[in-house]
Amino acid sequence: MSAIPQVAVQQPEFTPQAGLRRMGETAMALLGVGLVYKVTGLGISCGLIKFGIYCPFCGGTRMVASLLGGHPVAAFHWNPMLFVAGILMVVVTLFWAGELIGGPRLRWPRSWRVSQNRIYLVAGVASLAFMAVRNLA
């Protein structure tokens with residue numbers, strides 16, 4: 001038997017334009033879901049809630065609707081993890097926009113850089129920990 005050859009996949013160099021496009025797409029989707037809920041009362045329902053289990057995203061639609069209504073404290077109450085993630089998204093977006101208009105290029109030091117898979121792993125573990133803690137109460 002021969003071993004399967006390893007193929008190195010070269011990812012394109014990051015650009016702030018690409019980052020801003022992805023952040024914009026994400027923001028538009030979240031705003032759309034929040035607006036639909038705020039206007040019609042129709043939201044996205046999680047199947048786990050039928051068993052009394054809150055997933056890491058439960059309350060996200062109501063969080064966005066609360067933000068749209070100008071109630072940040074209520075938004076934090078609905079889903080603290082997504083609220084903090086949203087703040088981080090805004091900060092990163094401001095950095096990238098600043099870079100595009102001629103500001104400094106802000107990147108993590110090379111020694112801090114990690115693979116995208118590791119970032120997803122950390123985010124997944126944090127989400128599961130948040131889910132466990134919020135379901136203990």
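This is a short tour of one predicted model, stop by stop. Local features need pLDDT of at least 70, side-chain atom pairs count only at pLDDT 80 or more, and totals for chains, interfaces and linings use all residues. Residues are numbered from 1 along each chain as its sequence is written, and side-chain values use heavy atoms, leaving out hydrogens and water.

**Stop 1: helix α1.** Select residues 16-40. Helices are DSSP runs (H or I, at least four residues), numbered from the N terminus.

Now pick Pro16, Gly19, Met23 and Gly34, the buried residues of α1. Buried means under 20% relative accessible area, exposed over 50%, partly exposed in between (1.4 Å probe, protein chains only). Their cover includes α2 and α4 (80-100). Step just past α1 to Gly41, with its positive phi of about 85°.

**Stop 2: helix α2.** Select residues 60-68 and find Leu68. Leu68 counts as partly exposed because its relative accessibility is 35%.

**Stop 3: two cysteines.** Select Cys55 and Cys58. How far is the sulfur of Cys55 from the closest cysteine sulfur? The distance to the sulfur in Cys58 is 3.6 Å, too far for a bond. A disulfide is a pair of cysteine sulfur atoms within 2.5 Å, and the structure holds 0 disulfides. Cys55 counts as buried at 10% relative accessibility. Cys58 counts as buried at 9%.

Key. Helix = DSSP H or I, 4+ residues; strand = E, 2+ residues; numbered from the N terminus. Contact = heavy atoms within 4.5 Å.
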